[in-house]
Amino acid sequence: MKPKYKQVKRMTTFMRINHWVVAICMVAAVITGLYIGHPYYQTYIADPAVDKYVMAWNRWIHFMVAIIFDVSSIVIAYLYFFSRFEKPYKKLIPTPANIKEFFEVLLNLVTLNRRKKFDSTHSDSFNTVFFLVFHLMLVWMLLTGLQLYVHGLASGLSSIGNWWPWMLHLVTDWTVPVSGWLIGTAAPTASIMDVRISHHLTMWLIITWVLFHVYYQVWRTVFWEEGDISIVVGGSKFVKEDQA
Amino acid sequence: MADRIEGVKKLFTSKSARIDTNRGDAHYETLFQACHARIEELKTQTPREDRLKIDDLLEDQGVSRRDFMKWASAVTGMLMLPSSFTPLVADAALLMNRAPVIWIELSDCAGNTEAILRSDGPKIDEILLDIISLEFNETIMSASGHQAEKQLEDAMHTFKDKYLLFVEGAIPMGIDGNYGTIGAHAETFYDHLMRISKHAAAVVAVGSCATFGGVPAAAPNPTQAVGVMDILKGKPLINIPACPANPANMVGVIIHYILTGQIPELDSLLRPKFAFGYRIHDNCERRAHFDAGEFVEEWGDEGAKNNFCLYKVGCKGPMTFNNCSIVRYNEGVNWPIGVGRGCIGCSEPDFWDKYAYERPMADANIKAPTGGVEKTVDEFGLGLLTAAGIGIGIHAAASLAAGKKEESGES
């Protein structure tokens with residue numbers, strides 16, 4: 001008999017929109033960020049001066065997507081605890097059940113689906129931890145990025161009031177010694193270059209994360225045969241009736 | 001609750017680069033009264049050495065009173081004070097010979113001293129540094145040997161707890177500090193610094209070496225050189241980094257000290273915010289080319305001829321806090337980016353390793369490729385040897401076990 005499949009809702013409309021907004025922002029941030037780090041294409045010297053705003057446009061786009069990213073992160077942080085759909089923090093508490101599930105999902109991956117002893121209907125502990133790593137890296141990018149940004153607001157002035165640079169200094173100045181520690185600079189002489197190096201390195205870590213994320217979602221779709229890849233488009237996946 | 005909020009605020013803001021250029025009329029009114037009272041009091045004191053009259057000296061060098069007042073208003077601006085302070089700053093400059101200064105040199109090239117001495121023609125900043133009550137300075141004093149040491153002892157005794165100690169050069173800490181010794185008794189630089197700083201009113205570290213270790217502390221730092229801030233505790237310390245430190249900033253710190261009796265507001269790296277509160281980038285004359293994406297691609301190309309931005313040939317202006325782009329060097333004659341060279345971040349910690357390469361950070365090998373030829377070869381070799389040893393061990397143990405099995409006729 002053909003197995004019957006049941007549709008399971010996994011992502012709300014908002015979560016899916018957020019996913020794609022973040023994905024587009026990330027691609028834009030990497031493209032423009034690499035340009036800011038090293039301007040890899042040239043402005044035509046023969047262009048009329050009025051057209052030239054190349055670095056400034058790159059920085060504008062970079063900061064714009066960063067701000068969208070930042071606001072999205074705040075919403076996601078809220079949903080971690082107060083989502084009415086699924087509260088991710090529940091999968092992060094190291095309870096015996098969560099720890100067991102974490103390693104079962106990991107074993108499922110390394111044994112290439114030869115061992116599958118967990119419920120793949122719902123969001124699992126392994127993926128939630130994996131996403132937490134991503135969110136922590138994003139928060140780090142947010143804070144180091146704003147630290148690098150705030151020095152451009154010279155004299156502590158900004159178009160939306162003096163509270164903004166004041167607040168940015170307040171919440172991001174600590175990233176200087178922490179970056180110094182991460183880079184291996186002796187504590188008292190940590191400088192903004194350490195923040196810059198850390199911001200740059202974390203970009204590569206995030207790109208690595210994205211590679212694995214895409215690979216792993218495709219892998220699940222292929223090996224589990226439950227249509228996982230459509231979660232992020234249609235919001236649901238399908239599981240065999242006897243399992244659900 | 002209020003002081004708790006204040007405490008949290010202090011925790012997060014006291015060490016930031018944030019600068020407050022306008023603190024309100026009430027603040028400046030109080031400050032003005034305090035500074036005025038202090039200047040009047042200083043005027044009543046007689047300087048120890050009064051051979052050099054500042055007015056005569058300025059006149060000899062062809063600086064008119066009007067030029068001097070123009071300079072005073074510029075310094076007032078640099079110190080981020082309202083223009084009403086200009087007469088006080090001018091007075092403070094004339095009273096600079098009331099500040100006894102001891103200047104010592106450690107692991108360095110005397111470049112900061114040279115920057116003051118060898119300017120193209122002494123300008124007001126340099127002239128003023130000539131007339132400070134300089135009690136001891138190895139480079140320019142005529143005494144030597146025991147005579148010089150006696151001079152130092154005299155100065156330390158006479159101005160106990162009152163002198164400003166200027167330190168130029170890093171302190172080597174390797175082999176118990178014996179990489180650098182000074183004087184007839186071969187006192188290590190570390191002991192020298194500790195002894196002289198003990199009774200200083202404040203210590204001013206001048207140049208990149210004294211502040212953050214500079215070139216002597218660059219990787220692999222064989223002498224384990226460090227800056228003054230790494231080892232000196234419990235003393236007011238001001239860092240004036242850059243290679244060489246700008247005489248304008250030294251004068252600014254001394255004038256601030258004479259004017260207010262206090263050290264200026266400092267950032268997290270103990271640099272005065274009036275000079276190091278902005279990045280080079282924020283006030284760079286080539287900034288428009290940066291925004292336009294017009295970069296010098298290689299030395300001497302069309303972009304270089306058109307004064308394009310030097311970011312792609314390694315300018316570190318966006319990460320470097322200093323006022324070069326405003327005050328420049330040698331009284332505004334020129335500065336590195338002005339000559340088409342790009343900033344090497346010489347006023348930042350570890351600049352030799354982290355800033356001074358001729359490409360953007362994204363392209364740089366912060367350390368030598370692979371971390372150094374011999375170093376990685378040695379480490380790789382040791383690792384390979386260990387792996388081979390473990391492999392041989394396992395193989396040998398397995399062979400022994402197998403051999404025993406064979407003997408017992410199992411295979």
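Biologist: Are the residues on the two faces of S1(B) buried or exposed?
Modeller: In a regular strand, side chains alternate between the two faces of the sheet. One side of S1(B) holds B:Pro100, B:Ile102 and B:Ile104, and the other holds B:Val101, B:Trp103 and B:Glu105. A residue is buried if 20 or more other C-beta atoms lie within 10 Å of its own, exposed if 12 or fewer, and partly exposed in between, with C-beta atoms placed from the backbone. On both faces of S1(B) these residues are buried.

Biologist: Which pLDDT do side-chain atom pairs need to count in this model?
Modeller: Residues are numbered from 1 along each chain as its sequence is written, while chains are lettered from A and ligands numbered from 1 in the order in which they are written. The model is predicted: totals for chains, interfaces and linings use all residues, local features need pLDDT of at least 70, and side-chain atom pairs count only at pLDDT 80 or more.

Biologist: Which strand pairs with S1(B) over five bridges?
Modeller: Strands are DSSP runs of E of at least two residues, helices are runs of H or I of at least four, and both are numbered from the N terminus. Two strands pair if DSSP finds at least two bridges between them. S1(B) pairs in the parallel sense with strand S2 (residues 133-137) over four bridges, and B:Pro100 stands opposite B:Ser133 there. The parallel partner with five bridges is strand S3 (residues 164-168) of chain B.

Biologist: Which residue of S3(B) stands opposite B:Ile104?
Modeller: A nonpolar core is a set of buried Ala, Val, Leu, Ile, Met, Phe, Trp, Tyr and Cys residues joined through C-beta atoms within 7 Å. The largest such core has 113 residues, and those touching the most other members include B:Val89, B:Val167 and B:Ile254. Opposite B:Ile104 stands B:Val167.

Biologist: How far apart are the end C-alpha atoms of H12(B)?
Modeller: The expected span of a helix is 1.5 Å times one less than its number of residues. The 14 residues of H12(B) should therefore span 20 Å, and the model agrees, with a separation of 20 Å.

Biologist: How many residues of H12(B) are buried?
Modeller: After H12(B) comes B:Gly261, with a positive phi near 75 degrees. H12(B) itself is mostly covered, and of its 14 residues the buried number is 13.

Biologist: How far apart are the C-alpha centres of domain 1 and domain 2 of chain B?
Modeller: Domain bounds come from an automatic or database domain assignment, which for chain B gives domain 1 (24-275), domain 2 (280-367) and domain 3 (370-407). Two residues are in contact if their C-beta atoms, placed from the backbone, lie within 7 Å; here 18 residues of domain 1 meet 17 residues of domain 2. The centres of these two domains are separated by 28 Å.

Biologist: Which helix of chain A gives the largest share of the side that touches chain B?
Modeller: The contact involves 29 residues of chain A and 38 residues of chain B. Helix H2 (54-82), helix H5 (163-172) and helix H7 (192-224) of chain A each supply at least two residues of that side. The largest share, five residues, belongs to H7(A).

Biologist: Is B:Asp176 buried or exposed?
Modeller: Most residues other than glycine have a negative phi. B:Asp176 has a positive phi of about 55 degrees and lies in the loop between strand S4 (171-172) and strand S5 (181-182) of chain B. Because B:Asp176 has 10 C-beta neighbours inside 10 Å, it counts as exposed.

Biologist: Which residue is joined to B:Cys243 by a cis peptide bond?
Modeller: Most peptide bonds are trans. One cis bond joins B:Ala219 and B:Pro220, with omega about 0 degrees. Another, with omega near 0 degrees, leads from B:Cys243 to B:Pro244.
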